[in-house]
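The sequence and structure come first.

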Amino acid sequence: MQIEGKVFIVTGAASGLGEGTARMLAANGAQVVVADMQADKGEAVARDIGGVFVKCDVTQEADGQAAVDAALKLGKLFGLVNCAGIAIGEKTVGKNGPHALAAFTKTVTINLIGSFNMIRLAADAMSKNEPEATGERGVLISTASVAAYDGQIGQAAYSASKGGIVGMTLPIARDLARSGIRNMTIAPGIFGTPMLFGMPQEVQDALAANVPFPSRLGTPADYAKLAKHIIENDMLNGEVIRLDGAIRLAPK
């Protein structure tokens, strides 16, 4: 699939991995719907890249459909990149008692259910496309995490939500194969995003030093490069790719 001339939705596109991906897509000739809850930042990104901003809570069907409808006004929707998500740290049983159920539910709802909500709505629109010469009608990319495989202390909710994304990657690809729609997942390691930049500098430095090679934080540009390759390589389907510099997370 060629990016130029195609329409994409990127969730969480007001910052971090989503912003990096939205900018990459626009730089390669795509029209981009910037879907995010952060209106000011999202509108600024959309202006910069000549895209369209839609305020979108990915857990809400109406918001997800509004993002898809905005994309269809620009042309045929050929791609979705799910970058919206949250991270919390809370032990199953801590000093103040058991893990708050509401916090666990919120994390799974946004990260996992929100990703699936956007996938199902975007895939429905893509299934109506005229296929490319390759038979392809669209591509879906979601964001998991290495925490899906080696979650740390306090990451039960986050790891569960990202593990769910890993687990649904192949069955969704199989579901959508007859429609010519691919489904892939990227599992980033330690990346420099607003979530991580909220931590103390010494914590950031220590995390970066633990990456075998390259010993640095990943960047939104690193993520966007892989997203670009996935979009353009039609043999990539139903798989999760770790993007982590060979790190394996320790318990803490």
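Which side chains meet in a salt bridge with an N to O distance of 3.2 Å, one of them being Arg248? In this predicted model, the partner of Arg248 is Asp244, and the N to O distance of the pair is 3.2 Å. The two residues fall into separate accessibility classes: Arg248 is exposed at 52% relative accessibility, whereas Asp244 is buried at 13%. Asp244 counts as buried because its 13% lies under the cut-off of 20% relative accessible area. Arg248 and Asp244 also belong to a network of salt bridges that links them with Asp150 and Arg242.

Over the whole structure, a search finds 11 salt bridges. Among them are the pairs Lys128 with Asp124 and Lys228 with Glu232. The table lists the closest N and O atoms of these two pairs and the relative accessibility of each residue.

| Lys128, 59% (exposed) | Asp124, 44% (partly exposed) | 3.2 Å |

Where do Lys228 and Glu232 lie? Both are in helix H9, which covers residues 220–232. They are 4 residues apart there, about one turn of the helix. In the other tabulated pair, Lys128 is exposed, at 59%, and Asp124 is partly exposed, at 44%.

As for why such contacts form, side chains of opposite charge can pair when their charged atoms come close.

Key
Residues numbered from 1 in each chain as written. Predicted model: local features only at pLDDT ≥ 70, side-chain atom pairs only at ≥ 80, totals over all residues. Heavy atoms only, no water. Salt bridge = Lys/Arg side-chain N within 4 Å of Asp/Glu carboxyl O. Buried < 20%, exposed > 50% of the residue type's maximum accessible area, 1.4 Å probe, protein only. Helix = DSSP H or I, 4+ residues; strand = E, 2+ residues; numbered from the N terminus.
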